[in-house]
Amino acid sequence: MKTLLSGGTVVTMDPAIGDLARGDLLIENGVIAAVAEHIDAPDADIIDAADRIVMPGFIDNHRHTWQTAFRGAGSDWTFPQWAAAMHGTVKPHYTPEDVYTGTLLGRLEALHSGVTTLLDWYHVAQTHAHEDAAVAALNDAPARSVFCLGAGWGTDQAVDDDIRRVRSHLAAGGRTDMALGMRGPDATSIETVARELKLAQELGLRISLHIEASGTIAQLHEHGLLHETITAVHANGIGDEELRMLADAGASISISPDVELKMGFGAPMTGQALAAGLRPTLSIDDVPSAGGDVFSTMRTAFAQQRGLDGSLRSRDLLEFTTIDAAASLGLASRTGSLTPGKSADVILLRTDDLTIFPVTDPAGSIVSAGHPGLVDTVLAAGRVVKRNGSLVGVDLPALRTRLLASRDRVAAAAGVPLDGTWQPQP
Ligand SMILES: [Zn+2]
């Protein structure tokens, strides 16, 4: 089965290929077969890419997707208010059905906005049924996801059996892969951290680790526990020395600029991380507080860093959200750029829409004026999952009804108002 994306502006994010002002991209059996100014493929299905930018799908490596039913509810919250609201108030009322519905709608929204690979950082209830519901939702969304099991989140208990249990469901290399959301030494003992890290290595799991204070990275370093499979999330305010420890270990960093700036984490570490030798990646984190699309996330990170020191170029932001993010997930050989041999995770952005027209510098236009409304077509592993602005084969009216019912039920059980007056008390 062959598909030819014909006559688009191709932004490959592969430095060896570069951008093509007008180019074709051939997909065979879900894999990118060729990228060139002109490709003859008489037996291929043709997708006309005129007036479209063709680029790799975005990669979000940190999103707590289960919270989708409360999208926007916490736009004004601080981090302690968010924790009191989501973990302290509504989470205890989440059933597996609520986790399934929130995760599925959240994954579909990300896909709708051009996110072809999403790491779902799971930290809702720790029962097998809740975990399995999240995995089922990711499996039901037609694109690559990584289920990041926040094992033991909020406790200091040993959770090795559960990590092994989920791993047995999610073999490496499938459409839904698994990662480990690890607790740091600030949340559990260093012995537990060491044991879980060893287990993750044994099971071939990448690791995502929230860093909320200086000293955590140094402690891991001191115990020989920093590894290239680790992505440090946030890490606001940590010093250059700890950033260099991450860089020297080959680890990566995930920055959630909107959440960090709005909720009181401190300044995003984009420029400091770069200076220390890390390639930053970007993530959404929490949709109760921040929009779910990567375009606005890139713009916040860009404006914040430019405001500080004038550094960064538009293309840096595109790298953070494609090829660098793929590397952070151990997927750089499989996705993140339009390189022949990689999975055909491709998005087509409208360039004739008045909000972006005319496009002179594609990378600059995507970063400065891009938005989800431009995402015309999405292919995930070569399969068309969005076409002409609409998700394919998804019964959105039914899913919306289901999500509203979930939100209303959880809110009623938790006793929280849905009229904009919810002010959680930390
Ligand atoms: Zn997080």
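Predicted model: local features only at pLDDT ≥ 70, side-chain atom pairs only at ≥ 80, totals over all residues.
Reader: Which strands does strand 1 pair with, and in what sense?

Author: Take the partners one by one. With strand 2 (residues 19–28), strand 1 pairs in the antiparallel sense, over seven bridges. V10 shows this pairing, with L20 as its bridge partner in strand 2. With strand 4 (residues 45–48), the pairing is parallel and has four bridges. There, T3 stands opposite D45. With strand 5 (residues 52–56), the pairing is again parallel, over two bridges, and V10 stands opposite V54.

Reader: How is the protein chain divided into domains?

Author: Domain 1 covers 2–56 + 335–391, and domain 2 covers 58–328. Their centres, taken over C-alpha atoms, are separated by 27 Å.

Reader: How many residues of each domain are in contact with the other?

Author: On the side of domain 1 there are 22 residues, in contact with 25 residues of domain 2. Elements that give two or more residues to this side of domain 1 are helix 13 (362–369), strand 15 (375–380) and strand 16 (383–387). Helix 13 gives the most, with five residues. Sorted by class, this side of domain 1 has 12 nonpolar, seven polar and three charged residues.

Reader: What is the order of the strands in the open sheet of eight strands?

Author: To read a sheet, list its strands by neighbour. Here the order is 6-7-8-9-10-11-12-13, with parallel pairing. Strand 6 (58–63) and strand 13 (280–282) are the edge strands, each pairing on one side only. On average, neighbouring strands of this sheet are turned by 25° against each other, direction ignored.

Reader: How many bridges join strand 9 to strand 10?

Author: Strand 9 (residues 176–182) and strand 10 (residues 206–211) run parallel and are joined by four bridges. A179 has R206 in strand 10 as its bridge partner.

Reader: Which residues of helix 7 are buried, and why do they line one face of the helix?

Author: Start with the general idea. An α-helix has 3.6 residues a turn, so residues three or four places apart point the same way. In helix 7 (residues 240–249), the buried residues include E242, L243, M245 and L246. Seen down the axis of helix 7, the buried residues fall within an arc of 155°, so they line one face of the helix.

Reader: What do the buried residues of helix 7 pack against, and what does the face turned away carry?

Author: The buried residues of helix 7 pack against helix 6 (216–222), strand 11 (230–234), strand 12 (252–255) and helix 9 (270–275). The face turned away from the buried side carries the exposed residues D240 and E241. Just after helix 7 comes G250, which takes a positive phi of about 80°.

Reader: Which residues other than glycine have a positive phi, and where do they lie?

Author: Again, the general idea comes before the cases. Most residues other than glycine have a negative phi, and most peptide bonds are trans. A235 has a positive phi, near 60°, and lies in the loop between strand 11 and helix 7. N388 also has a positive phi, near 50°, and its place is the loop between strand 16 and strand 17 (390–391).

Reader: Are A235 and N388 buried or exposed?

Author: A235 is buried, because 28 other C-beta atoms lie within 10 Å. N388 counts as exposed, because it has 7 C-beta neighbours inside 10 Å.

Reader: Which peptide bond is cis, and where is P358 placed?

Author: The bond from F357 to P358 is cis, with omega near -5°. P358 is in the loop between strand 14 (346–350) and helix 13.

Note on methods:
Residues numbered from 1 in each chain as written. Domains from an automatic or database assignment. Contact = placed C-beta atoms within 7 Å. Nonpolar A, V, L, I, M, F, W, Y, C, P; charged D, E, K, R; others polar. Pairing = 2+ DSSP bridges. Axes fitted to C-alpha atoms, helices over the stretch in contact; angles between N-to-C directions. Buried ≥ 20, exposed ≤ 12 C-beta atoms within 10 Å, placed from the backbone. Arc of directions from axis to C-beta.
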